[in-house]
There are 2 protein chains.
Amino acid sequence: MRGRASGVSAEYGALWDALASSTLGGKRFRPRLVLCAHIGCGGVRDDAAAHVAAAFELLHTALIVHDDVIDRDFTRRGMPNVSGSYRDRAATAGIPIPVAEHRGMSTAIIAGDLALFNAYRLIDRSGAEGALRARLLDLMDEALFASAAGELLDVEFSVSREIPAVEQIVQMERLKTAAYTFEAPLKAGAALADASSSLQELLGEFGRDLGIAYQATDDLLGVFGDESLTGKTALGDLREGKSTVPIAFAATTGLWPQIAPFVGKGDLTREEADHARELLVACGAEVFTRGLASRTAAEAAARLDDMPAKLAEELRPVLIATLDRTR
Amino acid sequence: MRGRASGVSAEYGALWDALASSTLGGKRFRPRLVLCAHIGCGGVRDDAAAHVAAAFELLHTALIVHDDVIDRDFTRRGMPNVSGSYRDRAATAGIPIPVAEHRGMSTAIIAGDLALFNAYRLIDRSGAEGALRARLLDLMDEALFASAAGELLDVEFSVSREIPAVEQIVQMERLKTAAYTFEAPLKAGAALADASSSLQELLGEFGRDLGIAYQATDDLLGVFGDESLTGKTALGDLREGKSTVPIAFAATTGLWPQIAPFVGKGDLTREEADHARELLVACGAEVFTRGLASRTAAEAAARLDDMPAKLAEELRPVLIATLDRTR
């Protein structure tokens, strides 16, 4: 695609380069889950599985590129994202920052559309035909459908005055991220191995638990994480006033009046952030969130016992990696 | 999809309603061209053609929803678009305008992604299989690929200080709009009728000419159009400083120093707009643009003579409708 684009204009080729870089540096969770499930279920469609694995990673790229526009983020994984690189390029050319930012975001909308379309195309090009192709497309359809629903909830939470309940946050995060990150790739890998629908469902439930554990951990890293490892500022979530599990829990405690002023404070200082963290620990939000992560991870682990040994063996390391995260 | 969405949340159902309304009130050019080409080439795949026709209209919906975000437009066809309706809803709820606008734009990014994905899905669901399905997907791929390239050029033009040359504008408009509006739907309709690749190419060339004629007319309507018919303010293109054929031509004339101050003037008054229009007529920009429209339309008409009579008969009314526009 980059070659085709360069044929149109150097600038268009550069957009595909920017898209390519935005696929780098991730954890490759989605392709890994597709391939683990495919191998674990005794699948033999290696080439199709590779295409589908890439399709889910590219869907992820499309969603984060657009999510960064929605969140007005200009960096990702410690590097300028598509919005950021185009904003910086425009700013260097002497274009005023607000205009440069809008240009960066506009370019990112275009780049995300291209990634989304090509994610779909990779499923089509996987060589899967008939009922299998239809199933894979249904899974990607469900994945995007859920993610859009979750993103919409996230946007609503971000503008509403009340702090959502913990259950609402968990539901939002499951829809926005877990469904397309864990549930759909695992089911797709199993489908590629002609696994029974009951096994596909079991993998979906495993993925759901894994996703909640992952997101709860993510929420903790977003506030308590080591910036040098996460690649994102540990002030971001607090400054943004992002709806996360620890914040939702804290809002139900007596310390909330002291914590609230720091949440969504755009010019939050490091000292204020440190104080906010102390309060989040003191009110029990940190312990509660950690508990939610380990409880759901334990549920996921229990589901491994109902799976064929080979599959459980493939998935156990993924489960451990999910919990034992520093980034 | 709306039914499925309502099952998730009322808000999500409402998003699909907003998406549905944004498919209304258009000219239905794309589906019409798919069906005309299919019928004109003696096609018998009526059901598949209906799916593909709908797919191109939905691709159009996705692109305009995202284009409106990029252009910061909150109305389309005289009605609030997705961004506009969500901005208004948020503003009514007492959310500050800048936040409400960003919320509207964020929601529109999500809605566009859903439309784009489902456009692709409609091709997949058309029942076309094998080489035909691959050809249809290639055509939609080319359509989006070109549109993204054109949108990127448009974004660059909008931030650059120099006015692009007329040829650059024509090239940008062809990529951004004509390729997916005229060329791809015509080729797709012909492919569905198993037309020869030479006839598909001829239809592509006809579509390209038609597209240039259409866009030149559009540029004129954007400045000289009757607001009550176009449904958009005739000040918009001037205020935005939109790169159009008449503006690009005017920039090459001696009257440009008098016209330039009005182009991109955010607070342009009706009186100033009237004066700018007089100058655009006086410098010959209006005549030049009208001439470009009729010249390329004549070229399109000439291509009809090389087509089977039945096909030419189907397409002639489309050609006339394209030129004889008031909106």
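A charge is taken to sit over a ring if NZ of Lys or CZ of Arg is within 6 Å of the ring centre and within 35 degrees of the ring normal. In the predicted model described here, the charged end of B:R4 meets this description, as it sits over the ring of A:F145 at 4.1 Å from the ring centre. Another such arrangement is found in chain A, where A:R89 lies over the face of A:Y86, 4.5 Å from the centre of the ring.

Aromatic rings also pair with one another. Over all chains, a search of the whole structure finds 17 aromatic pairs. One of these is formed by A:F249 and A:F288, whose ring centres are 4.5 Å apart and whose planes meet at 20°; the pair is therefore stacked, given that planes under 30 degrees apart count as such. A:F249 belongs to helix α12 (residues 245-250) of chain A, while A:F288 belongs to helix α15 (residues 285-304) of chain A, so the pair ties together parts that are 39 residues apart in sequence. With a relative accessibility of 27%, A:F288 counts as partly exposed.

In chain B, B:F249 and B:F288 form a stacked aromatic pair, with 4.6 Å from centre to centre and 20° between the planes. Distant parts of the chain are linked by this pair, for B:F249 is in helix α12 (residues 245-250) of chain B and B:F288 in helix α15 (residues 285-304) of chain B, 39 residues apart. B:F288 has a relative accessibility of 26% and counts as partly exposed. Elsewhere, ring pairs join A:F117, A:Y120, B:F117 and B:Y120 into a cluster.

The packing of helices was examined next. In chain A, the axes of helix α7 (residues 130-159) and helix α8 (residues 166-192) come within 8 Å and cross at roughly 170°. Because angles over 145 degrees count as roughly antiparallel, α7(A) and α8(A) are described as roughly antiparallel to each other. The crossing in which α7(A) passes α8(A) is left-handed. Sorted by class, the residues in the contact of α7(A) with α8(A) are 17 nonpolar, three polar and six charged.

In chain B, the axes of α3(B) and helix α4 (residues 46-70) come within 7 Å and cross at roughly 150°. This angle makes α3(B) roughly antiparallel to α4(B). The crossing of α3(B) and α4(B) is right-handed.

Several residues in loops were also characterised. B:R28 has a phi near 55°, which is a positive value in a residue other than glycine. B:R28 is placed in the loop between α2 (10-21) and α3 (29-40) of chain B, and its relative accessible area of 35% makes it partly exposed. A positive phi, of about 55°, is likewise found at B:D194, although B:D194 is not a glycine. The position of B:D194 is in the loop between α8 (166-192) and α9 (197-224) of chain B. B:D194 has a relative accessible area of 54% and is exposed, since the term applies to values over 50%.

In chain A, A:A251 lies in the loop between α12 and α13 (256-259). A:A251 is partly exposed, at a relative accessible area of 26%. Between A:A251 and A:L280 the C-alpha to C-alpha distance is 10.0 Å, and the two are 29 residues apart in sequence.

Notes: Residues numbered from 1 in each chain as written. Chains lettered and ligands numbered in written order. Predicted model: local features only at pLDDT ≥ 70, side-chain atom pairs only at ≥ 80, totals over all residues. Heavy atoms only, no water. Phe/Tyr/Trp six-rings, centres within 6.5 Å; stacked < 30°, edge-to-face > 60°. Helix = DSSP H or I, 4+ residues; strand = E, 2+ residues; numbered from the N terminus. Buried < 20%, exposed > 50% of the residue type's maximum accessible area, 1.4 Å probe, protein only. Axes fitted to C-alpha atoms, helices over the stretch in contact; angles between N-to-C directions. Parallel < 35°, antiparallel > 145°, perpendicular 65-115°, else oblique. Left-handed = near helix turned anticlockwise from the far one by under 90°. Nonpolar A, V, L, I, M, F, W, Y, C, P; charged D, E, K, R; others polar.
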